[in-house]
Amino acid sequence: MAVAAHEVGHAIQFCREEPVSRLRERYMSKANQIQRVGTAILITAPILTILIKSPVLFISIGIVAVITMLVSALMYVAILPEEYDASFNKALPILSEGYLPEHLLNSARSVLKACALTYVAGALLDVLRLWRWIRFLR
């Protein structure tokens with residue numbers, strides 16, 4: 001029920017056209033594009049280095065790729081206010097109105113916290129992927 005209420009919170013944000021609901025559309029598409037560029041750079045770096053035979057080029061490409069991947073991860077963090085609002089300003093009050101018994105509200109808070117931090121987990125996953133790529137390219 002907590003996850004469903006969190007999603008209802010997003011629907012409320014969208015229907016009310018709240019400024020916080022625009023964070024996702026503003027940042028997520030950019031984050032996905034930046035992530036694709038960073039991945040493409042990381043994939044082509046070894047090939048370009050072999051073709052051009054320049055370690056300086058490889059290091060430059062690597063630095064650009066790392067920066068693009070980190071920017072992508074930071075974009076996920078920019079969505080946190082929207083997720084927090086959906087969980088704690090929208091969903092929790094709805095659940096407190098009698099949809100959940102009082103003794104289950106602490107458990108619902110934990111689930112709502114996990115919902116709010118979903119994109120933080122995505123950002124951490126991007127950082128781990130980046131680390132894996134760096135290890136692979138080393």
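Biologist: What share of the contacts with a separation of 6 or more comes from residues 24 or more positions apart?
Modeller: That share is 83% in this chain, with contact meaning heavy atoms within 4.5 Å. Keep in mind that this is a predicted model, where local features need pLDDT of at least 70, side-chain atom pairs count only at pLDDT 80 or more, and totals for chains, interfaces and linings use all residues. Residues are numbered from 1 along each chain as its sequence is written, and side-chain values use heavy atoms, leaving out hydrogens and water.

Biologist: OK, and how many helices and strands?
Modeller: Six helices and zero strands. Those are DSSP runs numbered from the N terminus (helices: H or I, at least four residues; strands: E, at least two).

Biologist: Is the chain spread out or compact?
Modeller: Spread out: the radius of gyration is 20 Å, well over the 14 Å from the globule rule for 138 residues, so the chain is more spread out than a compact globule. The radius is taken over C-alpha atoms, and the rule is 2.2 Å times the number of residues to the power 0.38. Along its principal axes, the C-alpha trace spans about 65 × 30 × 15 Å.

Biologist: Switching to charges, how many salt bridges are there?
Modeller: Three, counting a side-chain nitrogen of Lys or Arg within 4 Å of a carboxyl oxygen of Asp or Glu. E18 pairs with R16 at 3.6 Å, N to O, and K90 pairs with E18 at 3.0 Å. K90 sits in helix α4 and E18 in the loop between α1 (2-15) and α2, so that pair ties together parts 72 residues apart in sequence.

Biologist: And what does D85 do?
Modeller: D85 bridges to K90, with the closest N and O atoms 2.8 Å apart. Shared partners join R16, E18, D85 and K90 into one network.

Biologist: Which of them are buried or exposed?
Modeller: Buried means under 20% relative accessible area, exposed over 50%, and partly exposed in between (1.4 Å probe, protein chains only). E18 is buried at 15%, D85 is buried at 11% and K90 is buried at 10%, whereas R16 is exposed at 57%.

Biologist: What about aromatics, how many pairs?
Modeller: One. Y84 and F88 are tilted, 4.9 Å centre to centre with 40 degrees between the planes. Ring centres of Phe, Tyr and Trp (its six-membered ring) must lie within 6.5 Å; planes under 30 degrees apart are stacked, over 60 edge-to-face, the rest tilted.

Biologist: Why are Y84 and F88 about one helical turn apart?
Modeller: Because they are four residues apart in helix α4 (residues 80-99).
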